[in-house]
Amino acid sequence: MEAIDQLYWWVLIIAGLGTFIYMMFSDAFEMFEGWFNPAVILSFLALGAGIGLILNALAHVSPMIGLAVALVGSLALTTLLYLFVLLPLSNAEESIGLTDEALVGRVGRLTVPIPEGGYGEVLIETVTGSLLKTAQSLDGTSISTDYRVVIIEVKGNIAIVMPYDEPTIREEI
């Protein structure tokens, strides 16, 4: 085995072990963002070593030409991986859930009535699902489950609500 093949194998093994360690302890690496993200660097190394091994095994090119092609190919593939996979995933990490600020102004219905000066529960239905939140009346009055409510603000994970309209439950004739 040539020395360059051994180098490729060692880089591939180290990048694989580094990827495994990164997967286990990724929360410790949150300080790295963008191109210096360990996932980007490790994928660059692994792709470069893999391309180099394949070129040496199949194309029988000069080791320096193989190294240059492996580096350029790895850079191109890592760039595509970063731009079309890692970057969108990092931006979409919390896009499904609603933040407390996004709840303000939403209309929901009470599943547990709010007693005077107490707490109840409001159900907010969205496109992605339903969310239950502890609710408290804005002015401290009681609100029955007959009313829909609008969320005025969210304080400490408690939705401050007020009645939205007339009673929505009507007797059947």
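Modeller: What covers the buried residues of α2 includes α1 and α3. Here buried means under 20% relative accessible area, exposed means over 50%, and partly exposed lies in between (1.4 Å probe, protein chains only). This is a predicted model, in which local features need pLDDT of at least 70 and side-chain atom pairs count only at pLDDT 80 or more, whereas totals for chains, interfaces and linings use all residues. Residues are numbered from 1 along each chain as its sequence is written, and side-chain values use heavy atoms, with hydrogens and water left out.

Colleague: How many helices and strands does the protein have, and in what order do the elements run?

Modeller: Helices (H or I, at least four residues) and strands (E, at least two) are DSSP runs, numbered from the N terminus. The protein has 4 helices and 5 strands, and from the N terminus on the elements run α-α-α-α-β-β-β-β-β. Of its 173 residues, 25% count as buried. Contact means heavy atoms within 4.5 Å; among contacts between residues at least 6 apart in sequence, 49% join residues at least 24 apart.

Colleague: Which residues of α2 are buried, and what is the span of α2 from its first C-alpha to its last?

Modeller: The buried residues are Pro 38, Val 40, Leu 42, Ser 43, Gly 48, Ala 49, Gly 52, Leu 53, Leu 55 and Asn 56. For the span, the expected value is 1.5 Å times one less than the number of residues. With 22 residues, α2 reaches 30 Å, close to the 32 Å expected.

Colleague: How is a packed pair of helices described, and at what angle do α1 and α2 pack?

Modeller: Two packed helices are described by the angle between their axes and the distance between the axes. Axes are lines fitted to C-alpha atoms, for helices over the stretch in contact, and angles run from 0 to 180 degrees between N-to-C directions. Helix α1 (residues 3-24) and helix α2 (residues 38-59) pack at about 150°, and their axes are 8 Å apart. Angles under 35 degrees count as roughly parallel, over 145 as roughly antiparallel, 65 to 115 as roughly perpendicular and the rest as oblique, so α1 and α2 are roughly antiparallel to each other. Their contact includes Tyr 8, Leu 12 and Ala 15 of α1, and Leu 42, Leu 45 and Ala 46 of α2. Counting Ala, Val, Leu, Ile, Met, Phe, Trp, Tyr, Cys and Pro as nonpolar, Asp, Glu, Lys and Arg as charged, and the others, Gly among them, as polar, the residues of this contact divide into 14 nonpolar, 6 polar and 1 charged.

Colleague: Where does Ala 15 lie, and which residues does Ala 15 touch?

Modeller: Ala 15 lies in helix α1 and counts as buried because its relative accessible area is 1%. Not counting residues up to four places away in sequence, Ala 15 touches Leu 42, Leu 45 and Ala 46. Ala 15 and Ala 46 are 31 residues apart in sequence, yet 5.6 Å apart in space, C-alpha to C-alpha.

Colleague: At what angle do α2 and α3 pack?

Modeller: These two pack at about 140°, with axes 8 Å apart, which makes α2 oblique to α3. Among the residues making the contact are Ser 43, Phe 44 and Leu 47 of α2, and Ser 74 and Thr 78 of α3. By class, this contact has 14 nonpolar, 7 polar and no charged residues.

Colleague: Are Ser 74 and Thr 78 buried or exposed?

Modeller: Ser 74, in helix α3 (residues 63-91), is buried, with a relative accessible area of 0%. Thr 78, also placed in α3, counts as buried at 3%. Leaving aside neighbours within four places in sequence, Ser 74 is in contact with Ser 43, Phe 44, Leu 47, Gly 48 and Ile 51, while Thr 78 is in contact with Val 40, Ser 43, Phe 44 and Leu 47.

Colleague: What is phi of His 60, and what is phi of Asn 157?

Modeller: Phi of His 60 is near 50°, a positive value in a residue other than glycine. His 60 sits in the loop between α2 and α3 and counts as exposed, at 64% relative accessibility. Asn 157, likewise not a glycine, has a positive phi of about 70°. Asn 157 is found in the loop between β4 (148-155) and β5 (158-163), and at 49% relative accessibility it counts as partly exposed.
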